[in-house]
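Please consult the sequence and the structure while reading.

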Amino acid sequence: MKKSLSLILRLIVLCLTYSFYFISEQINLYASRTYNTSLRLIVISLIIIVIAVLFALSVFKFRLEGKVQKIIFTVVISVFALAILLYPIGLMWRIPYYAITILDIFVCTAYIVELIADRKRNKD
């Protein structure tokens, strides 16, 4: 279970970062209807803190172990990175309710750098 926990935690972080825009838009709509801006600030800040804590745990505490996990995560991160790169093409088709945030780019880049650093560490 612990071996698969690192992969599951990374998938949760990726899914949370990609759904952050949609969640924040829903919170903004609710806050605009209720005129409660403090709720918006608290909830969005908590979501960012949760993503940051889970990201830190996934990088430092739960490292990828085993070749199969690294291959699976490489495929998953490749799909997410490809989605980031192809997003401007999707704008031409007017994809609704979805946007790439800086958080997505940061998390994807950090995971790719981690995979590259781990690969170089294993070569030495």
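## Contacts and aromatic packing

Leaving aside neighbours within four places in sequence, Arg-63 is in contact with Ser-6, Arg-10, Ser-58, Glu-114 and Arg-121, where contact means heavy atoms within 4.5 Å. The model is predicted, so local features need pLDDT of at least 70 and side-chain atom pairs count only at pLDDT 80 or more, whereas totals for chains, interfaces and linings use all residues. Residues are numbered from 1 along each chain as its sequence is written, and side-chain values use heavy atoms, with hydrogens and water left out.

Arg-63 is placed in the loop between helix H2 (37-61) and helix H3 (67-92); helices are DSSP runs (H or I, at least four residues) numbered from the N terminus. With a relative accessibility of 39%, Arg-63 counts as partly exposed. Here buried means under 20% relative accessible area, exposed over 50%, and partly exposed in between (1.4 Å probe, protein chains only). Arg-63 and Glu-114 are 51 residues apart along the chain, and their C-alpha atoms are separated by 9.7 Å.

Arg-10, in helix H1 (residues 2-34), counts as buried because its relative accessibility is 0%. The side chain of Arg-10 reaches the backbone oxygen of Ser-58 at 2.6 Å. Arg-10 also lies over the face of Phe-73, at 5.4 Å from the ring centre; the criterion is CZ of Arg or NZ of Lys within 6 Å of the ring centre and within 35 degrees of the ring normal.

Rings of Phe, Tyr and Trp (its six-membered ring) pair if their centres lie within 6.5 Å; planes under 30 degrees apart count as stacked, over 60 as edge-to-face and the rest as tilted. The count comes to four aromatic pairs, including the two tabulated here.

| Pair | Class | Centre to centre | Angle between planes |
|---|---|---|---|
| Tyr-18 and Phe-80 | tilted | 4.7 Å | 55° |
| Phe-73 and Tyr-111 | edge-to-face | 5.1 Å | 90° |

Phe-73 lies in helix H3 and Tyr-111 in helix H4, so this pair ties together parts that are 38 residues apart in sequence. Phe-73 counts as buried at 0% relative accessibility, and Tyr-111 is buried with a relative accessible area of 0%. Ring pairs link Phe-55, Phe-73, Phe-106 and Tyr-111 into a cluster.

The largest nonpolar core has 20 residues, of which Leu-14, Phe-73, Ile-77, Cys-108 and Tyr-111 touch the most other members. Such a core is a set of buried Ala, Val, Leu, Ile, Met, Phe, Trp, Tyr and Cys residues joined through side-chain atoms within 4.5 Å. H3 gives the most to this core, with six residues.

Key: Helices (H or I, at least four residues) and strands (E, at least two) are DSSP runs, numbered from the N terminus. A polar contact is a pair of N or O atoms within 3.5 Å; within protein, one must be able to donate a hydrogen and the other to accept it, and residues adjacent in sequence count only if both atoms are side-chain atoms.
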